[in-house]
Amino acid sequence: MESWFLADTDALRACFGKRLQDGSLKGNPKVEEIPKRHVEARLKNIAGGKYHKVTDGVNLLAKIAPAKVRNAAPNCERMFDTILRGLQ
């Protein structure tokens with residue numbers, strides 16, 4: 001799921017503000033293909049070296065735009081489709 005955060009650069013900017021390292025935002029747009037260790041390193045770089053999986057993860061989850069993530073992450077799209085079908 002953390003790879004999905006990389007799909008919404010606006011949410012990353014909103015979450016990390018002045019700590020944000022803009023140069024770290026660039027990378028593979030196919031966020032689900034990024035190895036987990038690279039996702040964690042990239043989030044730490046984006047956050048100016050201080051990324052906390054729980055605290056920052058919760059804040060990012062509240063800020064990400066579902067449409068952006070669904071467009072960038074096929075597994076997220078599949079999850080939304082499955083859940084929404086189940087609710088009908």
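1. Let's start with Asp8: its side chain reaches the backbone nitrogen of Asp10 at 3.2 Å. Keep in mind as you look that this is a predicted model.

2. Where does aspartate 8 sit? You'll find Asp8 in the loop between helix 1 and helix 2.

3. What is packed against Asp8? Leaving aside neighbours within four places in sequence, Asp8 is in contact with Lys63, Ile64, Ala65 and Lys68. Pro66 is worth a look here too: Asp8 and Pro66 are 58 residues apart in sequence, yet their C-alpha atoms are 8.9 Å apart in space.

4. Now for Asp56, which is found in helix 4. Is aspartate 56 buried or exposed? With a relative accessible area of 8%, Asp56 is buried, so a charged residue type sits under the 20% cut-off here as well.

5. A polar atom of the Asp56 side chain lies 2.7 Å from the backbone nitrogen of His52. Not counting residues up to four places away in sequence, Asp56 also touches Cys15, Phe16, Arg19, Lys50 and Tyr51. One of those, Phe16, turns up again in the next point.

6. On to the largest nonpolar core, which has 22 residues. Leu6, Leu12, Phe16 and Leu60 have the most contacts inside this core. The elements giving two or more residues to the core are helix 1 (2-5), helix 2 (9-16) and helix 3 (36-46). Which helix gives the most? That's helix 2, with 4 residues.

7. Leu6 deserves a click of its own. Setting aside residues up to four places away in sequence, Leu6 touches Leu12, Val31, Ile34, Val39, Arg42, Leu43 and Ile46.

8. Last, the largest pocket, with a volume of about 210 Å³. Of the 15 residues lining this pocket, Met1, Glu2, Ser3, Phe5 and Lys53 are the closest to its centre. Helix 1, helix 3 and helix 4 (53-63) each give two or more residues to the lining, and helix 4 gives the most, with 5 residues.

9. How do the residues of the pocket lining divide? There are 8 nonpolar, 2 polar and 5 charged residues in the lining of the largest pocket.

Definitions and conventions. Residues numbered from 1 in each chain as written. Predicted model: local features only at pLDDT ≥ 70, side-chain atom pairs only at ≥ 80, totals over all residues. Heavy atoms only, no water. Core = buried A, V, L, I, M, F, W, Y, C linked by side-chain atoms within 4.5 Å. Buried < 20%, exposed > 50% of the residue type's maximum accessible area, 1.4 Å probe, protein only. Contact = heavy atoms within 4.5 Å. 1 Å grid on protein atoms, 1.4 Å probe; cavity = no way out; pocket = protein on both sides within 12 Å on 5 of 7 lines; lining within 4 Å. Points joined across faces, edges and corners; volume = space filled by probe spheres on them. Polar contact = N/O pair within 3.5 Å; in protein donor to acceptor, adjacent residues only side chain to side chain.
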